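Q: I am new to this structure. Could you walk me through how to read it, feature by feature?

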Amino acid sequence: MSAETAAATAKKDSLFSKKNRKLLIDPLDDSNPITVQVLGICSALAITVQLQQAVIMSLSVLFVMIGGNVIVSLLRNMIPDRIRIIVQLVVVASLVIIVDQVLKAFQPDISEKLSVFVGLIITNCIIMGRLEAFALGNKPGPSFLDAIGNAMGYAWILLAVSIIREVFGSGAISLPGMGQVKFLPAEWFMSEGGFYENNNLMILPPMALITVGVIIWIQRSRNQSLIEEN
Amino acid sequence: MAIDKNSTGYTFIFSIAMVVVVGTSLAFTALSLKDRQDANAADKKMMDILRAIGVSADRSNANDLFAEYVVERVAIDLEGRLVSAISDAVNPKDKSDPFSIDVKKDYRASIKSAVKAADGDELAMAKSLADADLTFPLFRCVNDANQNLFVIPVVGSGLWGPIWGYVALEEDMTTIFGANFDHKTETPGLGAEIKESFFTDKFKGKKLDVGGSALFSVLKGGALTDENSVDGITGGTITSKGVDEMINRTLKVYLRYFESQTQARI
């Protein structure tokens, strides 16, 4: 984890120094939490049927990630070592409960669709992983950037997978507040006598795994340094 | 003064402070959002009731459509006696409004254990519920075709957790006009299918077997069905049984009310 040690030594860097930029950009590609570290894929597979769920989920994870990283980073010199995992868990769990309550109040339909997966953000390995590996040893500033970087790394995979799945599975695209927009004319569909049929396989869970697999494949063919030597 | 971060005393103090801070902030969040959440839950309930009579509503028009279609809200007791009836606008904060009766809570609090203890023995169940002071809501609706419809909320247990739904009866009080079901944690692809239209559509036009051994049956997958039964969900046997149980148990209470109504009319 070169990024961490680099940031720890960079004491008086400006917020957008090269090292800090690395914190933001690395998780998008070179150390992407989903495609490279393969963390947090449970939720990534479960809620990518529609784009709007993925958007809300990404925002929730972004909020929990930033909140958790900054809070734990602020408390890093106060947290007793022996109970640090519990403290991290409590911080994450409280933030998740807040997100869950806010969704129930303002986005009830999406909250219903996300159901248990909002609660399961608590167990998202990305979050606990970043708290334990980064926030506990770094200042709030870099921790904040690290949180954004990792949440974004999670988010873009989620969005990419959900766009692919929704377009091919439902012939539509949905965004929060806009509902599902069907962009293909209704008469194209076989049920209306047309030639096109949605691929129902895309809606089923296995396709999420395959789509993530394809993304990993493309990423590795572009970025040879990710390929392990045998 | 240097504090030993790893001493037991410090650990305790830290934990206590953490619990207080977290507890306060969560309680504050929950309380400040409660009104909105309750309003959302009320909207959802209205949408479900409307869906049972074949009216599709969304959150923006649930209140208006509910006021338009639901002409009367009635509360009855376990014996089928009328407790109250209201027909003006819904006020979710009014506890005496039949709309506010929390059937899920009643089920959790008293009915669930009574059903389990009675194990099919109706007298025993009636006895144990007699002092629970339960009321049951009934929604009388008039649809676009000017049919009188009665919407009855039902609650029961599936395999993993609660299941619930709304059954709409036609004016003869024995024909099912429509039904919808929902669940909390049933298995996706199996028990969870009770909320899908392929299952709920089967209830349309079926009849209650008043006087028969069971009012209505959800049969094990693949069985032959008649006008008093529907085919259950293959692989979702326990959830299907739960649907069967909640319909029979709940509708019995309402039938007593319907009988007294018909007698009064004669």
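Q: Which residue of β3(B) is the bridge partner of B:Arg73?
A: This is a predicted model, so read each feature as a prediction. In β3(B), B:Arg73 has B:Phe139 as its bridge partner. Look at the two strands as a pair next. β1(B) and β3(B) run antiparallel and are joined by 7 bridges.

Q: What is the partner of B:Arg73 in β2(B)?
A: In β2(B), B:Arg73 is bridged to B:Ile86. Strand β1 covers residues 70–77 of chain B, and 4 bridges tie it to β2(B) in the antiparallel sense. Another pair to find is B:Ile76, which stands opposite B:Leu82 in β2(B).

Q: How many residues lie between β1(B) and β2(B)?
A: The two strands form a hairpin, with 4 residues between them. Look in the turn for B:Gly80, which has a positive phi of about 85°.

Q: In what order do the strands of the open sheet of chain B lie?
A: Trace the sheet from one side to the other. The order is β2-β1-β3-β4-β5-β6 in chain B, 6 strands with antiparallel pairing.

Q: Why is one side of β2 and of β6 left without a neighbour in the sheet?
A: β2 (82–86) and β6 (176–183) of chain B are at the edges. Each has a single partner strand, so one side of each has no neighbour in the sheet. From one strand to the next, the twist averages 20°.

Q: Which strands does helix α3 of chain B lie across?
A: Helix α3 (residues 103–118) of chain B lies across β3 (135–142), β4 (148–157) and β5 (162–169) of that chain. Its angle to β4(B) is about 50°.

Q: Which residues touch the most other members of the largest nonpolar core?
A: The core has 56 residues. B:Leu50, B:Ile53, B:Val151, B:Ile152, B:Val167 and B:Ala168 touch the most other members. Helix α6 (residues 237–265) of chain B gives the most to this core, with 7 residues.

Q: What does B:Ile53 touch, not counting residues up to four places away in sequence?
A: On that count, B:Ile53 touches B:Tyr69, B:Cys141, B:Asn143, B:Leu149, B:Val151, B:Ala168, B:Phe177 and B:Gly178. There is also a second, separate core of 48 residues. Its members include A:Ile41, A:Met57, A:Phe144 and A:Ala151.

Q: How should I read a positive phi?
A: Most residues other than glycine have a negative phi. Now take two cases. A:Val38 is not a glycine, yet its phi is positive, about 50°. B:Asn146 is not a glycine either, and its phi is about 65°.

Q: Where do A:Val38 and B:Asn146 lie?
A: A:Val38 is in the loop between α2 (18–25) and α3 (41–46) of chain A. B:Asn146 is in the loop between β3 and β4 of chain B.

Q: Why does A:Val38 count as partly exposed, and why does B:Asn146 count as exposed?
A: Count C-beta neighbours inside 10 Å. A:Val38 has 13, so it counts as partly exposed. B:Asn146 has 6, so it counts as exposed.

Q: How many helices and strands does chain A have?
A: Chain A has 10 helices and 2 strands. From the N terminus on, they run α-α-α-α-α-α-α-α-α-β-β-α. Of its 230 residues, 40% are buried.

Q: What does the radius of gyration of chain A agree with?
A: Compare it with a compact globule. For 230 residues, that would have a radius of gyration near 17 Å; chain A has 19 Å, which agrees. Along its principal axes, the C-alpha trace of chain A spans about 65 × 45 × 30 Å.

Q: How many helices and strands does chain B have?
A: Chain B has 6 helices and 8 strands. Along the sequence the pattern is α-α-β-β-α-α-β-β-β-β-α-β-β-α. Its C-alpha trace spans about 90 × 45 × 40 Å along the principal axes. Of its 266 residues, 32% are buried.

Conventions: Residues numbered from 1 in each chain as written. Chains lettered and ligands numbered in written order. Predicted model: local features only at pLDDT ≥ 70, side-chain atom pairs only at ≥ 80, totals over all residues. Core = buried A, V, L, I, M, F, W, Y, C linked by C-beta atoms within 7 Å. Buried ≥ 20, exposed ≤ 12 C-beta atoms within 10 Å, placed from the backbone. Contact = placed C-beta atoms within 7 Å. Rg over C-alpha atoms; globule rule 2.2 N^0.38 Å. Pairing = 2+ DSSP bridges. Axes fitted to C-alpha atoms, helices over the stretch in contact; angles between N-to-C directions.
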